[in-house]
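What does this model show when its sheet, its cores and its annotated domain are taken in turn? The report below goes through them.

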Amino acid sequence: MNPLRVGVVGAGRVGAVLAAALRSAGHSIVAVAGESDASRARIASLLPGVPVEKPTAVARACDLLLLTVPDDMLGNVVKTMTDAGAIRPGMYVAHTSGRHGLAILEPAAAIGAHVMAVHPAMTFSGTSVDLARLSGCVFGLTAATPADRAFAEELVNDLGGKPMWVPEEMRTLYHAGLAHGANHLVTLVTEAMEILSAAGATDPAGTLRPLLTAALDNALDHGDAALTGPIVRGDAGTVAAHLDDIRTNAPQTLASYVSMARATLDRAVSDGRLLPIRALKIKNLLDEADRAAVQPLPRPIHTWNQ
């Protein structure tokens, strides 16, 4: 791709990193908008020398405008800048929202801008560490015309990523799959560390890391066939003991344990690995745990080495 003049509105974790990656690929970052102290710090670290401007000034200075603002702000940002004349015919406007597609960019498309959704399927820290993670990262793309699709693919290639096309009507579902896998994984792992901490583990993260790494790799490679543990084996006594001890020592994690146990139970029955009669015993235990549920105690604060 020929070098572009790139402007970024929203110097959050995603915007600052993508801009730095495009700069390394030979593009010129002409201006960036970011108001918070954290955004200014990221700009100073990842984009030294790049002017910090108002969003409209950023748009007027660039050929490619990257909108990396929160989902709920995106529509208003597009409309405001289009109404102000900052977005013009022929320029490229790309947002990085997973949930949204092209509809949110309609004000820009209506005046002749080339619009596209370019979402990296990656979690960001907003530091230089993220730059290496972009290599091989999948980007969920949506664009309307063959020319815009080709442009989006070239942009992703310059970022070191892999393009994946997502239909407009499937953007929210695509994003839900990513959020369910990544965001809820963080909650699950954090709660598992809390349970281990309550059991006396001095390094819960170190205890879990080899196990979770293997489980994740196996799940990605083999799906449900990677399931192991007491539910798949039909060990109702072990599940009952888990529920009792969690209720006593880490009650803030009980609800998610029960919820995930139900989902695991259903999948084990569906793929034929657990007989329904054995599954019923575990289901009854989970139902009883729900009926006996009490208001969780205040969430304890644990410390561990991560």
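## A right-handed unit

β3, helix α4 (residues 71–83) and β4 form a β-α-β unit that is right-handed. Right-handed here means that, with the strands pointing away from the viewer, the path from the first strand over the helix to the second runs clockwise. Helices (H or I, at least four residues) and strands (E, at least two) are DSSP runs, numbered from the N terminus.

The model is predicted: local features need pLDDT of at least 70, side-chain atom pairs count only at pLDDT 80 or more, and totals for chains, interfaces and linings use all residues. Residues are numbered from 1 along each chain as its sequence is written, and side-chain values use heavy atoms, with hydrogens and water left out.

## The sheet

β3 and β4 run parallel, joined by four bridges. Leu-64 has Tyr-92 in β4 as its bridge partner. Tyr-92 in turn has His-114 in β5 as a bridge partner. β4 (residues 92–95) and β5 (residues 114–120) also pair in the parallel sense, over four bridges. There, Val-93 stands opposite Val-115. Two strands count as paired if DSSP finds at least two bridges between them.

The whole sheet is open and has seven strands, in the order β2-β1-β3-β4-β5-β6-β7, with mixed pairing. From one strand to the next, the twist averages 25°. Axes for such angles are lines fitted to C-alpha atoms, for helices over the stretch in contact, and angles run from 0 to 180 degrees between N-to-C directions.

## Two nonpolar cores

A nonpolar core is a set of buried Ala, Val, Leu, Ile, Met, Phe, Trp, Tyr and Cys residues joined through side-chain atoms within 4.5 Å. The largest has 33 residues; Val-6, Leu-47, Val-118 and Phe-139 have the most contacts inside it. α1 gives the most to this core, with seven residues.

Beyond its neighbours within four places in sequence, Val-6 is in contact (heavy atoms within 4.5 Å) with residues including Leu-22, Ile-29, Cys-62 and Leu-66. A second, separate core has 23 residues, among them Val-58 and Ala-113.

## The annotated domain

UniProt, in an unreviewed entry, places "domain: DUF2520" at residues 137–264. Such annotations may be inferred rather than shown by experiment. This span is 70% helix and 8% strand, and its end C-alpha atoms lie 29 Å apart.

Glu-191 sits in helix α8 (residues 171–198). Glu-191 is buried, at 13% relative accessible area. Buried means under 20%, exposed over 50%, partly exposed in between (1.4 Å probe, protein chains only). Leaving aside neighbours within four places in sequence, Glu-191 contacts Gln-252, Thr-253 and Ser-256.
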